[in-house]
Amino acid sequence: MLTKRFLTAAFYKFVTLNDFEDRKAPLLALCEQRNIKGTILLAREGINSTIAGAAEDVHAVLAYLRSDPLLADLQHKESYAERPPFNRMKVRLKREIVTMGVPGTDPTLIVGTYVKPEDWNALIADPDVVVIDTRNDYEVAIGTFKGAIDPNIRTFSELPAWCEGNPALQANASGKKPKVAMFCTGGIRCEKSTAYMKAQGYDEVYHLEGGILKYLETVPPEESQWDG
């Protein structure tokens with residue numbers, strides 16, 4: 001009988017890492033020493049990763065990362081598998097940890113208001129709030145929140161152009177832009193997208209803290225507004 005002995009940890013953090021190139025070699029060496037597999041993305045704007053291995057080895061890598069004051073409050077999500085989910089270990093240097101392609105979009109400087117999962121239903125029930133699913137089309141097809149707008153995008157980098165041209169996001173006659181609520185799977189894309197919206201002059205921008213995954217963990221099924 002197989003046991004679920006492989007721990008997968010997913011984590012990200014937007015934080016200014018001016019020395020991100022220098023972090024690659026020691027981090028890769030530690031992961032290889034601990035027989036960790038997966039991918040870690042490093043950029044000036046932060047870190048984004050999913051890694052797997054024996055629980056004590058995954059926790060050792062997390063402890064190493066959190067020993068840095070810049071990453072001391074790094075949060076992660078855990079799941080277990082019977083077989084190793086990844087075949088090799090990669091640490092990659094990137095321009096962005098989630099690619100939007102809009103220079104100056106920096107969640108470490110400006111970001112939307114976090115909304116706890118237990119408060120999300122009330123927010124998206126407000127008729128004055130434009131609710132946007134920031135995920136790709138194949139993800140939205142699996143499920144989404146009731147009343148959410150599907151941008152029908154193939155990649156996250158298509159979202160800014162869609163936002164610019166969507167009628168629901170235009171300012172009213174007095175020049176006031178609408179309230180916007182955005183969500184994604186785990187939180188990383190909503191942080192980047194709300195940073196973009198704030199930079200475009202939207203004052204009231206919200207995103208679901210922890211993403212859909214945290215919502216489904218937190219909100220009882222009988223109260224859920226998730227459709228899928």
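Me: Hi! Which order do the strands take in the open sheet of 4 strands?
Reply: Hello! In this predicted model, the open sheet runs S6-S10-S9-S7, and the pairing is parallel.

Me: Which strands stand at the edges?
Reply: Those are S6 (113-115) and S7. Each has a single partner strand, so one side of each is left without a neighbour in the sheet.

Me: And how does the sheet twist, on average, from one strand to the next?
Reply: The average twist is 30° from one strand to the next.

Me: What holds paired strands together in general?
Reply: Strands of a sheet pair through backbone hydrogen bonds, in either a parallel or an antiparallel way.

Me: OK, let's look at S9. Is it mostly covered or mostly uncovered?
Reply: Strand S9, residues 179-183, is mostly covered, with 4 of its 5 residues buried.

Me: How many bridges does S9 make with S7, and how many with S10?
Reply: With S7 (residues 129-133), S9 pairs in the parallel sense over 5 bridges. With S10 (residues 205-208), the pairing is also parallel, over 3 bridges.

Me: Which residues are the bridge partners of Met 182?
Reply: Met 182 of S9 is the bridge partner of Ile 132. In S10, the bridge partner of Met 182 is His 207.

Me: Which strands does H6 touch?
Reply: H6 packs on the sheet and touches S6, S9 and S10. The direction of H6 makes about 180° with that of S10.

Me: Changing topic: how many disulfides are there in the whole structure?
Reply: A search of the whole structure turns up 1 disulfide. That bond joins Cys 184 to Cys 190, with an S to S distance of 2.5 Å.

Me: Is that disulfide left-handed or right-handed?
Reply: The disulfide is left-handed, because the torsion about the S-S bond of Cys 184 and Cys 190 is about -85°.

Me: Are those two cysteines buried or exposed?
Reply: Cys 184 and Cys 190 are both buried.

Me: Last one: is Cys 31 buried or exposed?
Reply: Cys 31 counts as buried, because its relative accessibility is 0%.

Conventions
Residues are numbered from 1 along each chain as its sequence is written. This is a predicted model: local features need pLDDT of at least 70, side-chain atom pairs count only at pLDDT 80 or more; totals for chains, interfaces and linings use all residues. Side-chain values use heavy atoms; hydrogens and water are left out. Buried means under 20% relative accessible area, exposed over 50%, partly exposed in between (1.4 Å probe, protein chains only). Helices (H or I, at least four residues) and strands (E, at least two) are DSSP runs, numbered from the N terminus. Two strands pair if DSSP finds at least two bridges between them. A disulfide is a pair of cysteine sulfur atoms within 2.5 Å. Axes are lines fitted to C-alpha atoms, for helices over the stretch in contact, and angles run from 0 to 180 degrees between N-to-C directions. Contact means heavy atoms within 4.5 Å.
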